[in-house]
Amino acid sequence: MQRFIIKGQKPLSGEIKVNGAKNAALKFLAAALLSADKWTLSNIPQIEDIFSLAKLIQSLGVDLSYNKDIFQVQAIQDPKTDLDPDLAVKLRASVLLTGPLLVRRGRVFLPYPGGCAIGQRPIDIFLKGFQSLGAKIKAENNGFILTTNGLRGNKFFFPQVSVTATETLMMAACLTQGKTLLQNTACEPEIPFLADFLNQCGAKIKGAGTPFIEIEGVSRINGGDIVMMPDRIEMGTFAVLAAACGDNTIKITNCQPEHAQSLWLKLKEAGVKLKFGPDWLEVQPVKDLRAAVDIKTQEYPGFATDLQAPFCVLMTRAHGVSLIHETIFEGRLFYTDILNHMGAKIIMADPYRAIVVGPTQLYGQKIISPDIRAGIALLIAGLMAKGETVIENIYQIDRGYEKIEERLQGLGADIKRVT
Ligand code: EPU
């Protein structure tokens, strides 16, 4: 099993580039199954979640190949309809395939999807959405069989805002007869990015990026080429890392700063100095974080739940008390126990709220990465800590961040991957 060994408190500075967005790339790989023509996707991050979904798609008989960051997908033959449970359990994003498979094949077997241990993560909204378009659903063999003789456009109001359910139903509606109105949809920037490309390929989607999406079904989706948008979560994570460990200015490049406004607001409130360009930002070194700041996670454009753990780590350096309020997932604060083990002073008020009392000095420890975002947060903690930190289960970091140790070495970090 590989692990990271980090010697903390090294002075970091320089430039780091943001990769293509994981949570866009996963959706494009799935959406490619809507078309029998070739989709060429570039700037795809080479991370474990992408490879897991690629393997699952290949197991359906779809022609998918890649060379570095360029992926080519062509579902020329009718793809198989049953998702392999062993592969599907590796990532929650496997549920995205239900949209394209159901409209193309009229049937799909969806094993209970896996993913991060960050909460229950039910799939009731997906199922209700498909039912509203006329699909029949049967629970069977640790999963669900969805069937249809042809979906029909309808109005569906999402009982709760859900990113992947919005994307999955939007994809399905592209090849559904008639008009589909999706209401109370998620507004994350990856959604209009996907919708714009689908429209270029012949779909008729209006309103993506707002809570109301209208889709007029079409009979085919064509092929096309697309360069993946930059990863806003990676950009935000690097900014927090720079604020936590920067010894000199750190420049973050190839990014879209407008996609993390709520993070910039909170960092500035805490006393971090930021400078922005159209596709870059600079984080100035901070000797002392003057103000502890409260955050409350929300759907986009609110404070991203995927940046909650890194921000919490930063708050261990701030003077005062900050409230970290997670509203999206019920299991996303358990890493705070590990931070306490490293010397932080964090009190869990309930599964959704943690109180960070700062500033505290963190000390290197042997720790285990629980999930992607908590994993990268603990890695930042290791860079801040006195002494040596060993992180086990780094598969959970590799799922979301490509060759992170090499990229951080470029900033001066003392981090090694050891087998
Ligand atoms: N929910 C339901 N029923 C459903 C679907 C969702 O109750 O059928 C609930 C969830 O349990 C959660 C809330 O709705 O409480 C919102 O979850 P959402 O469905 O929006 O999350 P997701 O689509 O599964 C995506 C990202 C996550 C990110 C969340 C929130 C992908 C592949 N994943 O998950 O990213 O945290 O949106 O922004 O896009 C990550 O990258 O590490 C990650 C977990």
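**Around the ligand**

Author: Let's begin with Arg373, where a polar side-chain atom lies 2.7 Å from an oxygen atom of the ligand. The protein covers 92% of the 830 Å² of accessible area that the ligand has on its own. Such areas come from the Shrake-Rupley method with a 1.4 Å probe, and for residues only the protein chains shown count as cover. Please keep in mind that this is a predicted model, in which local features need pLDDT of at least 70 and side-chain atom pairs count only at pLDDT 80 or more, while totals for chains, interfaces and linings use all residues. Residues are numbered from 1 along each chain as its sequence is written, and side-chain values use heavy atoms, with hydrogens and water left out.

In Thr164, an N or O atom of the side chain is 2.4 Å from an oxygen atom of the ligand. Val163 uses its backbone instead, with an N or O atom 2.8 Å from a ligand oxygen. For such pairs, a polar contact means N or O atoms within 3.5 Å; within protein, one atom must be able to donate a hydrogen and the other to accept it, and residues adjacent in sequence count only if both atoms are side-chain atoms.

The shell around the ligand holds 23 residues, and those that come nearest are Ser162, Thr164, Asp306, Ile328 and Arg373. A residue is near a molecule if one of its heavy atoms lies within 4 Å of it. By class, 10 of the shell residues are nonpolar, five are polar and eight are charged. Here Ala, Val, Leu, Ile, Met, Phe, Trp, Tyr, Cys and Pro are nonpolar, Asp, Glu, Lys and Arg are charged, and the others, Gly among them, are polar. Four helices, α1 (22–31), α5 (124–132), α6 (163–174) and α12 (372–384), each supply at least two shell residues. Helices (H or I, at least four residues) and strands (E, at least two) are DSSP runs numbered from the N terminus.

Now step back to the two domains. The assignment gives domain 1 (3–19 + 230–418) and domain 2 (22–227), and the C-alpha centres of these two domains lie 31 Å apart. Their contact takes 20 residues from domain 1 and 23 residues from domain 2, where contact means heavy atoms within 4.5 Å. Domain bounds like these come from an automatic or database assignment. Because both domains give residues to the shell, the ligand lies between them.

Three of those helices also meet a neighbour, helix α4 (residues 98–105). The buried residues of α4 pack against α1, α5 and α6, and also against β6 (107–111) and β8 (143–147). Six of the eight residues of α4 are buried, so the helix is largely enclosed by the rest of the structure. The buried ones are Thr98, Gly99, Pro100, Leu101, Leu102 and Val103. Buried means under 20% relative accessible area, exposed over 50%, and partly exposed in between (1.4 Å probe, protein chains only). Just after α4, Gly106 takes a positive phi of about 80°. In helix α5 you will find Asp124, which counts as partly exposed because its relative accessibility is 34%.

Elsewhere, look at Thr316, in the loop between α10 (308–315) and β18 (320–325). Thr316 counts as buried, with 0% relative accessibility. Leaving out residues up to four places away in sequence, Thr316 touches Ala344, Ile346, Val356, Gly358, Pro359, Thr360, Leu362 and Met384. Two of these partners, Gly358 and Pro359, are joined by a cis peptide bond with omega of about 0°. Pro359 sits in the loop between β20 (353–358) and β21 (366–368). Another cis peptide bond joins Tyr300 and Pro301, with omega of about 10°, and Pro301 belongs to the loop between β17 (295–296) and α10.

Finally, visit strand β3 (residues 39–42), which contains Thr40. Thr40 counts as buried at 16% relative accessibility. In the loop between β3 and α2 (48–58) lies Asn43, with a positive phi of about 60° although it is not a glycine.
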